[in-house]
Amino acid sequence: NFSRIAKIMLPKDYINYVLTGVHACDYSDASGTLLLDVEHKRWSDEMLEICSVRKEQMPRLYESYQPIGNLRPDIARALGLSQQVLVCAGAGDNAAAAIGTGVIGDGGCNISIGTSGTVFISSKSFASDRNNALHSFAHADGAYHLMGCMLSAASCNKWLMEDILGSDDYAAEQAAIGEEALGENDVFFLPYLMGERSPINDTNARGTLIGMTMDTSRADLVQAVLEGVAFAIRDNVEIARSLGIQVDSSKICGGGAKSPLWKKILAAVLNLKLDLIESEEGPGYGGAILAAVGCGEYESVQAACEKLVHVVDTVEPDPVLVEKYEARYQEFRKLYPAVKALFPFT
(Lines give C-alpha, C1' and ligand atoms only; values in the text may rest on other atoms or scores of the structure.)
Protein backbone atom coordinates (compact mmCIF):
# COMPACT_ATOMS: atom_id res chain seq x y z
CA ASN A 1 0.00 0.00 0.00
CA PHE A 2 2.83 2.39 0.81
CA SER A 3 4.38 1.88 -2.65
CA ARG A 4 1.06 2.79 -4.29
CA ILE A 5 1.01 6.32 -2.78
CA ALA A 6 1.09 9.01 -5.46
CA LYS A 7 0.67 12.11 -3.32
CA ILE A 8 0.87 12.75 0.42
CA MET A 9 -1.40 15.39 1.90
CA LEU A 10 -3.02 16.43 5.15
CA PRO A 11 -6.85 16.41 5.49
CA LYS A 12 -7.42 20.10 4.78
CA ASP A 13 -4.99 19.90 1.88
CA TYR A 14 -7.04 17.12 0.30
CA ILE A 15 -10.07 19.44 0.40
CA ASN A 16 -7.99 22.16 -1.25
CA TYR A 17 -6.84 19.63 -3.85
CA VAL A 18 -10.42 18.70 -4.70
CA LEU A 19 -11.38 22.39 -4.94
CA THR A 20 -8.44 23.53 -7.05
CA GLY A 21 -6.55 20.53 -8.41
CA VAL A 22 -3.42 21.96 -6.73
CA HIS A 23 -1.31 19.75 -4.45
CA ALA A 24 -0.33 22.20 -1.70
CA CYS A 25 0.35 22.52 2.03
CA ASP A 26 1.12 25.43 4.31
CA TYR A 27 4.18 25.68 6.52
CA SER A 28 2.31 25.63 9.85
CA ASP A 29 0.53 22.33 9.17
CA ALA A 30 3.59 20.86 7.43
CA SER A 31 5.55 21.51 10.64
CA GLY A 32 3.61 18.72 12.34
CA THR A 33 4.56 16.05 9.80
CA LEU A 34 8.18 15.74 11.04
CA LEU A 35 9.18 15.90 7.38
CA LEU A 36 9.71 19.67 7.32
CA ASP A 37 12.96 21.50 7.97
CA VAL A 38 11.06 24.11 9.95
CA GLU A 39 13.83 26.67 10.34
CA HIS A 40 14.57 26.80 6.61
CA LYS A 41 10.96 26.15 5.48
CA ARG A 42 11.62 23.29 3.09
CA TRP A 43 11.09 19.57 3.04
CA SER A 44 13.94 17.81 4.82
CA ASP A 45 15.93 15.59 2.48
CA GLU A 46 17.22 13.65 5.48
CA MET A 47 13.77 12.94 6.90
CA LEU A 48 12.34 12.05 3.49
CA GLU A 49 15.13 9.51 3.01
CA ILE A 50 14.64 8.02 6.49
CA CYS A 51 10.91 7.59 5.79
CA SER A 52 11.38 6.35 2.21
CA VAL A 53 9.32 9.24 0.85
CA ARG A 54 10.09 10.86 -2.49
CA LYS A 55 10.07 14.65 -2.80
CA GLU A 56 7.64 14.47 -5.74
CA GLN A 57 5.09 12.86 -3.42
CA MET A 58 5.11 15.92 -1.18
CA PRO A 59 2.97 19.02 -1.74
CA ARG A 60 4.28 22.42 -2.76
CA LEU A 61 4.70 24.65 0.29
CA TYR A 62 2.95 27.99 0.81
CA GLU A 63 2.47 30.56 3.53
CA SER A 64 -0.96 30.12 5.13
CA TYR A 65 -2.34 33.34 3.66
CA GLN A 66 -1.12 32.70 0.10
CA PRO A 67 -3.62 31.75 -2.63
CA ILE A 68 -2.91 28.35 -4.16
CA GLY A 69 -5.40 28.64 -7.02
CA ASN A 70 -9.00 29.17 -8.15
CA LEU A 71 -11.96 26.84 -8.04
CA ARG A 72 -12.03 24.19 -10.73
CA PRO A 73 -14.85 24.81 -13.27
CA ASP A 74 -16.83 21.71 -12.26
CA ILE A 75 -16.51 22.53 -8.54
CA ALA A 76 -17.56 26.13 -9.15
CA ARG A 77 -20.67 24.95 -11.03
CA ALA A 78 -21.53 22.39 -8.34
CA LEU A 79 -21.24 24.99 -5.57
CA GLY A 80 -22.91 27.79 -7.50
CA LEU A 81 -19.85 30.00 -7.10
CA SER A 82 -17.68 32.00 -9.43
CA GLN A 83 -14.65 30.26 -10.87
CA GLN A 84 -12.72 33.35 -9.76
CA VAL A 85 -13.03 32.37 -6.09
CA LEU A 86 -9.55 32.09 -4.61
CA VAL A 87 -8.53 29.24 -2.32
CA CYS A 88 -5.75 29.98 0.17
CA ALA A 89 -3.40 27.44 1.71
CA GLY A 90 -4.92 27.65 5.22
CA ALA A 91 -3.31 26.66 8.50
CA GLY A 92 -3.10 24.11 11.27
CA ASP A 93 -5.80 24.49 13.94
CA ASN A 94 -3.65 26.04 16.65
CA ALA A 95 -1.90 28.40 14.25
CA ALA A 96 -5.29 29.50 12.90
CA ALA A 97 -6.58 30.00 16.46
CA ALA A 98 -3.56 32.19 17.19
CA ILE A 99 -4.35 34.36 14.17
CA GLY A 100 -7.99 34.53 15.30
CA THR A 101 -6.86 35.86 18.68
CA GLY A 102 -4.25 38.24 17.23
CA VAL A 103 -1.20 36.35 18.50
CA ILE A 104 1.59 37.44 16.17
CA GLY A 105 5.04 39.01 16.48
CA ASP A 106 7.57 38.43 19.26
CA GLY A 107 6.22 37.13 22.57
CA GLY A 108 2.55 37.03 21.61
CA CYS A 109 0.78 34.31 23.57
CA ASN A 110 -2.50 32.43 23.39
CA ILE A 111 -3.66 29.91 25.98
CA SER A 112 -6.44 27.56 24.95
CA ILE A 113 -8.31 25.67 27.66
CA GLY A 114 -10.25 23.22 25.55
CA THR A 115 -10.51 19.43 25.70
CA SER A 116 -6.74 19.64 25.49
CA GLY A 117 -4.69 22.61 26.61
CA THR A 118 -2.38 24.66 24.42
CA VAL A 119 0.20 27.36 25.07
CA PHE A 120 1.04 29.10 21.80
CA ILE A 121 3.87 31.68 21.77
CA SER A 122 4.68 33.55 18.57
CA SER A 123 8.19 34.56 17.59
CA LYS A 124 9.75 36.42 14.67
CA SER A 125 12.71 34.03 14.66
CA PHE A 126 13.13 30.28 14.93
CA ALA A 127 13.90 28.89 18.40
CA SER A 128 13.98 25.31 19.61
CA ASP A 129 14.08 23.63 22.99
CA ARG A 130 16.82 20.99 23.09
CA ASN A 131 14.66 18.72 25.26
CA ASN A 132 11.71 18.86 22.85
CA ALA A 133 9.41 19.96 25.65
CA LEU A 134 7.82 22.46 23.26
CA HIS A 135 7.15 22.16 19.54
CA SER A 136 8.99 24.60 17.26
CA PHE A 137 6.69 25.23 14.31
CA ALA A 138 6.17 27.71 11.51
CA HIS A 139 3.38 30.21 12.22
CA ALA A 140 0.53 31.15 9.90
CA ASP A 141 1.68 34.79 9.82
CA GLY A 142 4.90 33.84 8.03
CA ALA A 143 7.10 33.69 11.14
CA TYR A 144 7.46 31.01 13.84
CA HIS A 145 5.98 29.85 17.13
CA LEU A 146 6.61 27.62 20.11
CA MET A 147 3.75 25.43 21.25
CA GLY A 148 3.10 23.28 24.28
CA CYS A 149 0.17 20.84 24.05
CA MET A 150 -1.38 19.19 27.10
CA LEU A 151 -3.52 16.16 26.31
CA SER A 152 -6.08 16.89 29.03
CA ALA A 153 -7.24 20.33 30.19
CA ALA A 154 -10.96 21.14 30.32
CA SER A 155 -11.50 17.41 29.82
CA CYS A 156 -10.05 16.90 33.33
CA ASN A 157 -12.79 19.07 34.75
CA LYS A 158 -15.42 17.27 32.66
CA TRP A 159 -14.13 13.91 33.91
CA LEU A 160 -14.33 14.96 37.57
CA MET A 161 -17.70 16.69 37.21
CA GLU A 162 -19.62 14.20 35.12
CA ASP A 163 -17.92 10.85 35.62
CA ILE A 164 -16.94 11.14 39.28
CA LEU A 165 -19.25 13.71 40.90
CA GLY A 166 -22.22 13.03 38.62
CA SER A 167 -22.96 16.72 38.01
CA ASP A 168 -23.17 18.89 34.93
CA ASP A 169 -23.70 22.15 36.85
CA TYR A 170 -20.17 23.49 36.50
CA ALA A 171 -21.03 26.98 37.74
CA ALA A 172 -22.66 25.70 40.94
CA GLU A 173 -19.71 23.44 41.78
CA GLN A 174 -17.27 26.31 41.30
CA ALA A 175 -19.48 28.69 43.29
CA ALA A 176 -18.77 26.53 46.35
CA ILE A 177 -15.09 27.52 46.16
CA GLY A 178 -14.72 30.59 48.36
CA GLU A 179 -12.31 33.44 47.73
CA GLU A 180 -10.45 32.54 50.92
CA ALA A 181 -9.75 29.03 49.58
CA LEU A 182 -7.72 30.19 46.57
CA GLY A 183 -4.05 29.39 47.02
CA GLU A 184 -4.82 27.52 50.25
CA ASN A 185 -5.95 24.11 48.97
CA ASP A 186 -4.05 21.16 50.44
CA VAL A 187 -4.96 18.88 47.52
CA PHE A 188 -2.86 18.72 44.34
CA PHE A 189 -3.91 17.22 41.00
CA LEU A 190 -1.60 16.00 38.23
CA PRO A 191 -3.71 16.37 35.04
CA TYR A 192 -2.23 13.43 33.16
CA LEU A 193 -5.41 11.43 32.54
CA MET A 194 -4.25 10.37 29.06
CA GLY A 195 -0.52 10.46 29.65
CA GLU A 196 1.09 13.77 28.78
CA ARG A 197 2.60 15.42 25.77
CA SER A 198 4.11 18.81 26.69
CA PRO A 199 6.40 19.33 28.44
CA ILE A 200 7.14 15.88 29.95
CA ASN A 201 6.49 13.64 26.88
CA ASP A 202 5.46 10.69 29.04
CA THR A 203 2.76 8.34 27.73
CA ASN A 204 2.87 6.45 31.03
CA ALA A 205 2.05 9.47 33.23
CA ARG A 206 -1.27 9.21 35.06
CA GLY A 207 -3.74 11.58 36.68
CA THR A 208 -3.09 11.78 40.39
CA LEU A 209 -4.75 13.40 43.42
CA ILE A 210 -2.35 14.00 46.31
CA GLY A 211 -2.89 15.45 49.76
CA MET A 212 -6.43 14.33 50.61
CA THR A 213 -7.53 13.91 54.22
CA MET A 214 -10.82 13.21 56.00
CA ASP A 215 -11.43 16.96 55.84
CA THR A 216 -11.15 17.12 52.02
CA SER A 217 -14.39 18.37 50.50
CA ARG A 218 -16.05 18.09 47.12
CA ALA A 219 -15.13 21.74 46.47
CA ASP A 220 -11.48 20.98 47.30
CA LEU A 221 -11.38 18.36 44.52
CA VAL A 222 -12.94 20.70 41.99
CA GLN A 223 -10.47 23.41 42.95
CA ALA A 224 -7.53 21.00 42.76
CA VAL A 225 -8.41 20.07 39.18
CA LEU A 226 -8.69 23.72 38.09
CA GLU A 227 -5.37 24.51 39.78
CA GLY A 228 -3.62 21.38 38.47
CA VAL A 229 -4.39 22.31 34.87
CA ALA A 230 -3.20 25.88 35.53
CA PHE A 231 0.06 24.61 37.05
CA ALA A 232 0.65 22.32 34.05
CA ILE A 233 0.01 25.24 31.69
CA ARG A 234 2.66 27.17 33.61
CA ASP A 235 5.13 24.29 33.12
CA ASN A 236 4.95 25.03 29.40
CA VAL A 237 5.24 28.80 29.83
CA GLU A 238 8.34 28.31 31.98
CA ILE A 239 10.05 26.37 29.17
CA ALA A 240 9.51 29.34 26.84
CA ARG A 241 10.85 31.72 29.47
CA SER A 242 13.94 29.54 29.85
CA LEU A 243 14.62 30.14 26.14
CA GLY A 244 14.69 33.88 26.75
CA ILE A 245 11.18 34.57 25.42
CA GLN A 246 9.45 37.31 27.39
CA VAL A 247 5.73 36.71 27.90
CA ASP A 248 3.93 39.63 29.56
CA SER A 249 0.31 38.87 28.75
CA SER A 250 -1.78 36.28 26.94
CA LYS A 251 -5.00 35.86 25.05
CA ILE A 252 -7.22 33.08 26.34
CA CYS A 253 -9.83 30.98 24.55
CA GLY A 254 -11.60 27.63 24.74
CA GLY A 255 -14.43 26.35 26.91
CA GLY A 256 -12.44 26.76 30.12
CA ALA A 257 -12.09 30.49 29.38
CA LYS A 258 -15.81 30.87 30.08
CA SER A 259 -15.17 30.24 33.79
CA PRO A 260 -14.41 33.47 35.72
CA LEU A 261 -12.89 31.43 38.55
CA TRP A 262 -10.59 29.44 36.28
CA LYS A 263 -9.39 32.62 34.54
CA LYS A 264 -8.65 34.19 37.94
CA ILE A 265 -6.64 31.14 38.99
CA LEU A 266 -4.75 31.04 35.69
CA ALA A 267 -3.89 34.75 35.83
CA ALA A 268 -2.46 34.33 39.33
CA VAL A 269 -0.60 31.06 38.64
CA LEU A 270 0.98 32.50 35.48
CA ASN A 271 1.26 36.07 36.81
CA LEU A 272 -0.03 37.20 33.43
CA LYS A 273 -2.76 39.53 32.26
CA LEU A 274 -5.33 37.45 30.33
CA ASP A 275 -7.31 39.01 27.48
CA LEU A 276 -10.56 37.53 26.22
CA ILE A 277 -11.35 38.10 22.53
CA GLU A 278 -14.72 39.16 21.12
CA SER A 279 -14.94 36.20 18.73
CA GLU A 280 -15.24 32.77 20.34
CA GLU A 281 -14.52 31.05 17.02
CA GLY A 282 -10.72 31.31 17.21
CA PRO A 283 -9.57 28.86 14.47
CA GLY A 284 -12.47 29.62 12.10
CA TYR A 285 -12.02 33.35 12.58
CA GLY A 286 -8.30 32.98 11.99
CA GLY A 287 -9.00 31.14 8.74
CA ALA A 288 -11.26 33.98 7.60
CA ILE A 289 -8.54 36.55 8.45
CA LEU A 290 -5.99 34.58 6.42
CA ALA A 291 -8.41 34.47 3.49
CA ALA A 292 -8.95 38.24 3.73
CA VAL A 293 -5.18 38.75 3.48
CA GLY A 294 -4.92 36.30 0.59
CA CYS A 295 -7.64 38.13 -1.32
CA GLY A 296 -5.83 41.46 -0.87
CA GLU A 297 -8.25 43.02 1.61
CA TYR A 298 -5.32 43.61 3.99
CA GLU A 299 -1.66 43.97 3.14
CA SER A 300 -0.46 41.66 5.92
CA VAL A 301 -1.67 39.33 8.65
CA GLN A 302 -0.56 41.88 11.23
CA ALA A 303 -2.64 44.64 9.61
CA ALA A 304 -5.67 42.35 9.48
CA CYS A 305 -5.35 41.31 13.13
CA GLU A 306 -4.98 44.93 14.26
CA LYS A 307 -8.25 45.75 12.50
CA LEU A 308 -10.30 42.63 13.19
CA VAL A 309 -9.29 41.25 16.62
CA HIS A 310 -10.91 43.00 19.60
CA VAL A 311 -10.33 42.44 23.33
CA VAL A 312 -13.59 42.54 25.29
CA ASP A 313 -12.44 41.55 28.79
CA THR A 314 -9.19 41.43 30.75
CA VAL A 315 -8.34 39.53 33.92
CA GLU A 316 -5.47 41.05 35.89
CA PRO A 317 -3.43 38.85 38.26
CA ASP A 318 -4.22 39.48 41.94
CA PRO A 319 -0.84 40.21 43.64
CA VAL A 320 -1.88 38.41 46.85
CA LEU A 321 -2.90 35.31 44.90
CA VAL A 322 0.22 35.49 42.74
CA GLU A 323 2.35 35.13 45.87
CA LYS A 324 0.26 32.26 47.21
CA TYR A 325 0.23 30.39 43.94
CA GLU A 326 3.95 30.87 43.43
CA ALA A 327 4.54 28.85 46.60
CA ARG A 328 1.97 26.26 45.53
CA TYR A 329 3.51 25.92 42.08
CA GLN A 330 6.96 25.25 43.52
CA GLU A 331 5.40 22.37 45.50
CA PHE A 332 3.52 21.13 42.39
CA ARG A 333 6.80 20.93 40.47
CA LYS A 334 8.10 18.31 42.91
CA LEU A 335 5.19 15.90 42.48
CA TYR A 336 5.67 14.37 39.03
CA PRO A 337 9.39 13.56 39.58
CA ALA A 338 8.44 12.00 42.93
CA VAL A 339 5.75 9.65 41.55
CA LYS A 340 7.07 9.05 38.02
CA ALA A 341 8.61 5.71 38.99
CA LEU A 342 5.15 4.43 39.98
CA PHE A 343 3.83 4.77 36.39
CA PRO A 344 2.56 2.69 34.74
CA PHE A 345 0.81 0.59 37.34
CA THR A 346 1.26 -3.15 36.86
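Let's start with asparagine 271, which sits in the loop between α9 (260–270) and β14 (273–277). Helices (H or I, at least four residues) and strands (E, at least two) are DSSP runs, numbered from the N terminus. This is a predicted model, where local features need pLDDT of at least 70, side-chain atom pairs count only at pLDDT 80 or more, and totals for chains, interfaces and linings use all residues. Residues are numbered from 1 along each chain as its sequence is written, and side-chain values use heavy atoms, with hydrogens and water left out.

**Positive phi angles**
- Asparagine 271 isn't a glycine, yet it has a positive phi of about 55 degrees.
- At 46% relative accessibility, asparagine 271 is partly exposed (buried means under 20% relative accessible area, exposed over 50%, partly exposed in between, with a 1.4 Å probe and protein chains only).
- Serine 52, also not a glycine, has a positive phi of about 55 degrees.
- You'll find serine 52 in the loop between α3 (45–50) and β4 (60–62), and it is exposed, with a relative accessible area of 55%.

**Cis peptide bonds**
- Serine 198 and proline 199 are joined by a cis peptide bond, with omega about 0 degrees.
- Proline 199 belongs to the loop between β11 (188–190) and β12 (208–210).
- Going from phenylalanine 343 to proline 344, the peptide bond is cis too, with omega near -10 degrees.
- Proline 344 is in the segment after α12 (319–339).

**Helix α1**
- Valine 18 lies in helix α1 (residues 11–20).
- Valine 18 is partly exposed, with a relative accessible area of 30%.
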